[in-house]
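Morning, everyone. I have one structure to walk you through, and I'll keep it quick.

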Amino acid sequence: MTATKGLEGVIAANSTISSIIDDKLTYVGYDIDDLAENASFEEVVYLLWHRRLPNKVELEDFKIQLANNAEIPNEVIEQLKAYPKNVHPMAILRSAISVLGLYDEEADEQTSEANYRKAIRIQAKIPTVVTAFARIRQGLEPVAPRKDLGFAANFLYMLKGEEPDEIAVEAFDKALVLHADHELNASTFTARVCVATLSDIYSGIASAIGALKGPLHGGANEQVMKMLTEIGDIDHVESYINEKFANKEKIMGFGHRVYRQGDPRAKHLKVMSEKLTKLTGEPKWYEMSVKIEELVTSKKPLPANVDFYSASVYHSLGIEHDLFTLIFAVSRTSGWLAHIMEQYENNRIIRPRAEYVGPGKRPYVPLEER
Ligand SMILES: CC(=O)SCCNC(=O)CCNC(=O)[C@H](O)C(C)(C)COP(=O)(O)OP(=O)(O)OC[C@H]1O[C@@H](n2cnc3c(N)ncnc32)[C@H](O)[C@@H]1OP(=O)(O)O
Ligand SMILES: O=C([O-])CC(=O)C(=O)O
């Protein structure tokens with residue numbers, strides 16, 4: 001037995017949800033470029049869960065189901081009010097999802113039908129949880145979800161307490177589409193490992209949030225904005241990046257385990273970043289990002305990944321930087337749920353082996369002789 005560090009190249013599941021082949025990403029056979037240009041987030045969630053696009057009536061019904069389930073129990077709001085305000089909000093989200101599970105009477109019911117109903121409830125409620133905490137920590141009351149707004153618009157409305165404009169909704173919706181699923185990434189794998197023990201969906205989502213939080217995964221988008229802020233000015237980009245390379249430090253938002261030439265989602269976010277940073281009168285975030293990308297790619301074959309341009313997009317939408325990864329979680333929940341349901345449908349516990357490389361066999365030494 002030999003271990004493959006980081007499980008690189010290991011095929012650990014069969015899946016009919018999304019695929020990455022030759023740097024092309026598809027959701028159930030649909031190219032991400034087509035979906036980014038044409039589909040709404042709700043349509044994509046339906047696609048991931050049903051493996052086909054909805055017709056008009058099915059989509060309307062799906063949106064109604066999400067809207068009808070968006071409210072969160074008062075007990076969860078009270079918990080959010082009690083949590084410390086200065087911890088990372090991904091830790092809050094991880095905890096709040098567990099609390100949400102305590103108030104779901106079907107939490108441990110394992111039929112396909114019950115799992116689907118829970119999937120709807122979790123997907124519908126996660127934006128309400130995120131926006132409620134974002135407001136509570138600012139000393140504001142949470143804003144209740146509205147049934148007449150779509151998923152993306154509702155998120156921005158609940159966050160800011162006012163109806164967002166069309167440009168913001170369109171950009172946010174597209175970002176959600178682009179982040180929805182990504183084959184067997186670290187958080188999705190985590191979710192599958194968790195539920196393959198036949199644990200419940202809430203445990204699967206809480207585990208996945210924990211994995212997404214790390215800066216090598218979803219946490220990178222917040223780190224990208226930290227880097228842009230630290231650099232501060234386009235004239236400082238070159239020295240900053242050169243120093244990072246000299247110190248062999250990683251540059252957040254670059255590199256990917258699977259993509260070699262480029263991440264197909266990054267170009268959509270790049271276009272959005274250019275447009276939104278101009279509209280907000282802060283083109284410098286886009287211009288600095290372009291310069292960083294040119295410099296990094298000139299030094300090493302490290303393409304910008306999905307987290308790189310999403311940072312300046314979310315910043316331009318007026319979203320606090322430590323909420324960036326939570327937006328990723330709101331979207332990726334759809335993929336996690338699709339994978340969790342797929343795992344349950346054809347389950348076997350996931351239990352690989354480790355190659356033991358510790359000391360050889362030795363005699364036990366009594367405590368008084370050590
Ligand atoms: C949604 C997502 O999760 S997308 C990824 C988000 N994460 C980031 O943006 C964090 C920065 N990127 C990285 O840390 C990595 O590229 C990962 C985690 C995405 C992929 O990791 P791995 O496939 O294990 O690649 P690994 O870390 O082994 O890198 C291979 C080589 O490229 C270098 N490298 C990889 N990413 C970067 C980077 N962002 N900056 C500088 N060098 C890098 C490594 O130092 C290594 O160099 P070496 O061969 O000279 O030692
Ligand atoms: O696939 C990965 O390794 C990371 C990920 O989640 C993504 O790029 O969306």
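Some ground rules. This is a predicted model, in which local features need pLDDT of at least 70, side-chain atom pairs count only at pLDDT 80 or more, and totals for chains, interfaces and linings use all residues. Residues are numbered from 1 along each chain as its sequence is written, while chains are lettered from A and ligands numbered from 1 in the order in which they are written.

Domains, then. The protein chain divides into domain 1 (18-213 + 324-345) and domain 2 (220-316). Those bounds come from an automatic or database domain assignment. Between the C-alpha centres of domain 1 and domain 2 there are 26 Å.

How many residues of domain 1 are in contact with domain 2? The count is 17 residues of domain 1, against 20 residues of domain 2. Contact here puts the two C-beta atoms, placed from the backbone, within 7 Å. On the domain 1 side, β2 (24-27), α1 (32-38), α8 (166-179) and α16 each supply at least two residues. Helix α8 gives the most, with six residues. By class, that side of domain 1 has 11 nonpolar, two polar and four charged residues. For the classes, Ala, Val, Leu, Ile, Met, Phe, Trp, Tyr, Cys and Pro are nonpolar, Asp, Glu, Lys and Arg are charged, and the others, Gly among them, are polar. Helices (H or I, at least four residues) and strands (E, at least two) are DSSP runs, numbered from the N terminus.

Now the core. The largest nonpolar core has 102 residues. A core is a set of buried Ala, Val, Leu, Ile, Met, Phe, Trp, Tyr and Cys residues joined through C-beta atoms within 7 Å. Val44, Leu93 and Val129 have the most contacts inside this core. Helix α16 gives the most to this core, with 11 residues. Domain 1 and domain 2 both give residues to this core, so the core lies between them. Take Val44. Leaving out residues up to four places away in sequence, Val44 touches Tyr27, Leu35, Ala39, Val177, Ala180 and Ser334.

Next, helix α11. At 1.5 Å a residue, the 12 residues of α11 (residues 220-231) should span 16 Å, and the end C-alpha atoms are 16 Å apart, which agrees. The expected span is 1.5 Å times one less than the number of residues.

Is α11 largely enclosed or largely open? Nine of its 12 residues are buried, so α11 is largely enclosed by the rest of the structure. Buried takes 20 or more other C-beta atoms within 10 Å of a residue's own, exposed takes 12 or fewer, and partly exposed is in between, with C-beta atoms placed from the backbone. Among the buried ones are Ala220, Met225 and Ile231. Their cover includes α12 (237-246), α14 (284-299), α15 (306-316) and α16 (324-345). Just after α11, Gly232 takes a positive phi of about 80 degrees.

Ala220 brings us to the ligands. Ligand 1 is surrounded by 17 residues, and the closest are Ala220, Lys250, Phe254, Gly255 and Arg257. A residue is near a ligand if its C-beta atom, placed from the backbone, lies within 6 Å of it. The shell around ligand 1 splits into seven nonpolar, seven polar and three charged. Around ligand 2 we find His182, Asn185, Arg257, Val258, Asn305 and Val306. That shell has two nonpolar, three polar and one charged residues.

Most residues other than glycine have a negative phi. Leu7 is not a glycine, yet has a positive phi of about 55 degrees. Leu7 is in the segment before β1 (18-21). With 14 C-beta neighbours inside 10 Å, Leu7 counts as partly exposed. Asp22 also has a positive phi, near 50 degrees. Asp22 is in the loop between β1 and β2. Asp22 counts as exposed, with 7 C-beta neighbours inside 10 Å.

Last, some distances. Ser203 lies in helix α10 (residues 201-212). Ser203 and Arg94 are 109 residues apart along the chain, with their C-alpha atoms separated by 9.6 Å. Thr197 sits in the loop between α9 (186-195) and α10. Thr197 and Glu163 are 34 residues apart in sequence and 43 Å apart in space, C-alpha to C-alpha.

That's the tour. Over to you.
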